[in-house]
Amino acid sequence: MQATSNSRDPTRQPTPGPGSTFRVGQRVHFIGQPRRIGTVKYVGPVEGYSGIWIGVDWDADGEGKHDGSHNGVSYFTARGSDTASFVRSHNLSPGVALLEALETRYRTASTKEEEDEMYVLSTRNKRVSVELLGKHKIEDKVSRFEELTSASLSYLGVSFPGSPDHVSSTLPSLKELDLSGNLLANWEDIGIICEGLPALTALNLSNNAISPDIFNAPQLSNIRVLVLNQTGVIWKQVEVLKDSLPYVEELHLMGNNLREITPVSSTVVQGFNFLRLLNLENNCISAWDEIVKLSQLRSLDQIFLNNNNLNHVWYPDFGGSDEPPFKSLSGLFLGSNNIEDLESVDSLNSFPKLMDIRLSENPVADHGKGGVPRFVFIARLAKVQILNGSEISPRERKESEIRYVRLVMSKSHGSSEEIRRLHPRFAELKEFHGLEDERPSTGASGPQKMASGLISISLKCVGASMGEKPPLLKKLPGTTTVGKLKNLCVSFFKLKSIKPVLFLQEEGSPLPTLLEDDMESLIELGVGNQSTILVDERP
């Protein structure tokens with residue numbers, strides 16, 4: 001990381017010409033293909049061929065023909081075996097200025113070929129030209145640049161700002177700018193763009209390969225939303241930019257191979273007083289200790305951590321701090337990680353304001369890997385209001401907690417201390433719902449005993465060859481096993497020569513849960529009153 005003066009001309013016009021106009025490290029795209037982007041890795045001769053060649057390592061796999069070697073000679077090392085090419089300079093573009101891209105996107109008239117492609121077929125299979133309603137009004141509006149408040153210049157080859165004064169006078173009202181997929185490579189140019197757009201508050205720089213070296217930290221004081229997905233920016237650069245982003249509210253760092261949070265002068269991240277949302281999805285963070293370093297960000301409301309490598313979650317101690325860790329956090333999104341222990345789930349109760357949680361696609365939520373169903377999460381998480389993107393209604397919470405208590409009572413044979421350790425909310429929920437005497441009876445029989453253990457369920461046939469059959473409402477003992485229920489379904493619905501498969505359909509769950517263990521009872525599976533069982537057939 002460097003912070004030295006390295007003055008550059010923002011109005012420069014890098015034009016393709018002789019090979020010497022390209023330099024190693026420069027970002028380029030193939031002429032006429034602005035989405036085919038790469039980095040210059042070599043400029044010079046190639047044995048057996050005349051003239052100067054540009055060796056390019058393309059961003060996308062399969063875009064090249066080799067790994068930087070040709071005829072046994074290695075000229076540079078590419079990312080992969082098929083990402084490199086040798087290209088003549090006239091086939092490469094070093095990019096354009098911001099306003100040139102703006103003209104291309106919003107003022108370029110449709111070509112005759114493009115308009116000829118806008119047609120429908122008549123009943124006689126003849127082309128009938130069509131014109132978009134209001135097309136000219138829209139074109140006229142977006143072509144008045146001084147009125148534009150939002151602009152998308154993605155994948156247009158923007159590589160430098162151009163004249164700051166010209167940018168400022170052309171786009172005085174611009175608030176949102178999408179520059180994703182361009183050729184911007186350094187923070188100095190980005191800073192010049194922001195300085196030339198005084199109204200700009202939201203900037204998307206995703207899919208620009210930005211240099212890790214920051215010369216002259218840019219002034220980004222007006223930026224509230226900054227998107228740096230797939231830019232290679234890691235936390236070290238974020239710390240350098242911190243003072244340049246005093247009012248940032250949203251920071252997106254998806255897909256940057258980020259593995260750690262590295263505060264500069266403390267054990268925890270400081271500053272970012274207005275940061276509400278931090279998106280760290282699709283990274284490589286494996287230790288929760290790294291996330292704890294964010295615990296003193298006082299305004300942090302949402303952290304997106306889906307698709308990382310986390311395997312455990314815990315709530316940190318106060319450690320002498322005046323304020324509780326994660327004091328403002330209301331949303332924590334942990335989908336597609338490696339969490340497999342219920343202790344991590346229980347720890348979420350300690351976060352003061354946490355009410356929106358995602359745990360889907362973790363082993364702990366995968367029933368096929370020993371995970372638990374939705375109702376168990378709801379019962380164990382006292383304050384959660386939204387789970388895996390689905391709101392929890394008061395009815396679903398009540399039914400989930402009752403089912404959970406009955407499940408624990410049916411399976412627990414250890415000491416009360418062990419039950420308290422494994423099921424921290426069990427005693428509280430049992431008392432709250434008045435379930436002290438509802439343990440299923442395994443002793444004396446009789447009408448009253450039998451009635452107290454009955455569960456009302458709805459059975460619905462969904463198998464393709466079962467025909468249309470009306471749902472059945474049945475009251476069954478909670479001790480009824482899955483295997484017994486399958487036999488009953490064959491009898492209830494007269495399913496000759498069909499082996500039924502049962503699924504529990506739960507409110508709020510996107511997919512029903514397969515009931516695959518014939519020896520488990522309904523109450524052990526947490527099936528409660530008003531539950532719906534889907535009756536399908538084996539494929």
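User: Which residue does Val28 stand opposite in S2?

Analyst: Val28 stands opposite Gly38 in S2. This is a predicted model, so read the geometry as that of a prediction.

User: How many bridges join S1 to S2, and in which sense do they run?

Analyst: Four bridges join S1 to strand S2 (residues 33-44), and the two run antiparallel. Two residues lie between the strands in this hairpin, and Gly32 takes a positive phi near 80° there.

User: What else does S1 pair with?

Analyst: Strand S7 (residues 92-93), in the antiparallel sense over two bridges.

User: How many bridges join S23 to S24?

Analyst: Six, with strand S23 (residues 454-461) and S24 running antiparallel. The bridge partner of Leu459 in S24 is Leu472.

User: OK, aromatics. How many aromatic pairs are there?

Analyst: The count comes to eleven aromatic pairs. Among them are Phe326 and Phe351, whose ring centres are 5.4 Å apart with planes at 40°, so the pair is tilted.

User: Where do Phe326 and Phe351 lie?

Analyst: Phe326 lies in the loop between strand S18 (302-304) and strand S19 (331-333), and Phe351 in the loop between helix H8 (342-347) and strand S20 (356-358). The pair therefore ties together parts that are 25 residues apart in sequence. Both Phe326 and Phe351 are buried.

User: Which residues do ring pairs link into a cluster?

Analyst: Tyr42, Tyr75, Phe76 and Phe86.

User: And which charged residues sit over rings?

Analyst: The charged end of Arg35 sits over the ring of Tyr155, 4.0 Å from its centre. Arg107 lies over the face of Phe145, at 3.9 Å from the ring centre.

User: Now H10. What span should it have, and how far apart are its ends?

Analyst: At 1.5 Å a residue, the 18 residues of helix H10 (residues 394-411) should span 26 Å. The end C-alpha atoms of H10 are 26 Å apart, which agrees.

User: How many of its residues are buried?

Analyst: In H10, 13 of the 18 residues are buried, so the helix is largely enclosed by the rest of the structure.

User: Last one, His433. Where does it lie, and what is it in contact with?

Analyst: His433 lies in the loop between helix H12 (426-432) and helix H13 (447-452). Leaving aside neighbours within four places in sequence, His433 is in contact with Lys398, Glu401 and Ile402. His433 and Lys398 are 35 residues apart in sequence and 8.4 Å apart in space, C-alpha to C-alpha.

User: Why does His433 count as buried?

Analyst: Because the relative accessible area of His433 is 17%, and buried means under 20%.

Note on methods. Residues are numbered from 1 along each chain as its sequence is written. This is a predicted model: local features need pLDDT of at least 70, side-chain atom pairs count only at pLDDT 80 or more; totals for chains, interfaces and linings use all residues. Side-chain values use heavy atoms; hydrogens and water are left out. Buried means under 20% relative accessible area, exposed over 50%, partly exposed in between (1.4 Å probe, protein chains only). Contact means heavy atoms within 4.5 Å. Rings of Phe, Tyr and Trp (its six-membered ring) pair if their centres lie within 6.5 Å; planes under 30 degrees apart count as stacked, over 60 as edge-to-face and the rest as tilted. A charge sits over a ring if NZ of Lys or CZ of Arg is within 6 Å of the ring centre and within 35 degrees of the ring normal. The expected span of a helix is 1.5 Å times one less than its number of residues. Two strands pair if DSSP finds at least two bridges between them.
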